[in-house]
Amino acid sequence: MLERLSSFRTFEWIIPVFLISSGLSFALSFLCKRVAEALEIVNAPAQVRHSDRKVPLLGGVAIFSAFWIMISAILILSRSGAFPVWARSNLDPGSLNRFLGVFVGTAIISSVGLIDDVKNLKPFIRIAAQV
């Protein structure tokens, strides 16, 4: 039983990372909402089935940004020794190539979403671009 409880200590950094990333997502979502309203990047009430007011878009930009800000912070902090040894060993230089691949993939998908928010792409074009 004690071994099981001691294993929870290795995850003590997860709660602060979760709380910081949640706060960052909330703050960036609020900022993107304001930007979308200012630039009129909104769905009009006639375009949204269950709303009688304009719905701001650009939420995907906020989530993409928050995710990659936190990943970058974790990579930087892991190199400084701020994370447990087992976490640092999982973030070796070879893993940076995997992060780059994931970044490129999420950037493509997010870019298509952003273009769709601004230009209102047809569903077939969205799916084709994201595949």
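This is a predicted model: local features need pLDDT of at least 70, side-chain atom pairs count only at pLDDT 80 or more; totals for chains, interfaces and linings use all residues.

User: Is Ile69 buried, partly exposed or exposed?

Analyst: Burial is read from the relative accessible area, where values under 20% count as buried and values over 50% as exposed. Ile69 has a relative accessible area of 42%, so it is partly exposed.

User: Which residues does Ile69 touch, leaving aside those up to four places away in sequence?

Analyst: With those sequence neighbours not counted, Ile69 touches Leu24 and Leu28.

User: How do the axes of α2 and α3 cross?

Analyst: For a pair of helices one reads the approach of the axes, the angle and the hand. The axes of α2, residues 14–38, and α3 come within 8 Å and cross at roughly 145 degrees, and the crossing is right-handed. The contact is made on the α2 side by residues including Val17, Ile20, Ser21, Leu24 and Leu28, and on the α3 side by residues including Ala62, Ser65, Ala66, Ile69 and Met70. Sorted by class, this contact has 12 nonpolar and 4 polar residues, and no charged ones.

User: Why do residues three or four places apart in a helix point the same way?

Analyst: An α-helix has 3.6 residues a turn, so residues at a spacing of three or four places point the same way. In α2, the buried residues are Val17, Ser21, Leu28, Cys32 and Ala36, and what covers them includes β1 (42–43), β2 and α3.

User: What is the span of α2 from its first C-alpha to its last?

Analyst: Span is read by comparing the end-to-end reach with the value expected from the residue count. Helix α2 has 25 residues and reaches 36 Å, close to the 36 Å expected at 1.5 Å a residue. Just after α2, Glu40 takes a positive phi of about 60 degrees.

User: Which loop holds Leu58, and which holds Asn120?

Analyst: Leu58 is in the loop between β2 (55–56) and α3, and although it is not a glycine, it has a positive phi of about 80 degrees. Asn120, in the loop between α5 (93–119) and α6 (123–130), is likewise not a glycine and has a positive phi of about 60 degrees. Leu58 is buried, with a relative accessible area of 7%, whereas Asn120, at 54%, counts as exposed.

Note on methods: Residues are numbered from 1 along each chain as its sequence is written. Side-chain values use heavy atoms; hydrogens and water are left out. Buried means under 20% relative accessible area, exposed over 50%, partly exposed in between (1.4 Å probe, protein chains only). Contact means heavy atoms within 4.5 Å. Axes are lines fitted to C-alpha atoms, for helices over the stretch in contact, and angles run from 0 to 180 degrees between N-to-C directions. Helices (H or I, at least four residues) and strands (E, at least two) are DSSP runs, numbered from the N terminus. A crossing is left-handed if the near helix is turned anticlockwise from the far one by less than a right angle, and right-handed if clockwise. Ala, Val, Leu, Ile, Met, Phe, Trp, Tyr, Cys and Pro count as nonpolar, Asp, Glu, Lys and Arg as charged, and the others, Gly among them, as polar. The expected span of a helix is 1.5 Å times one less than its number of residues.
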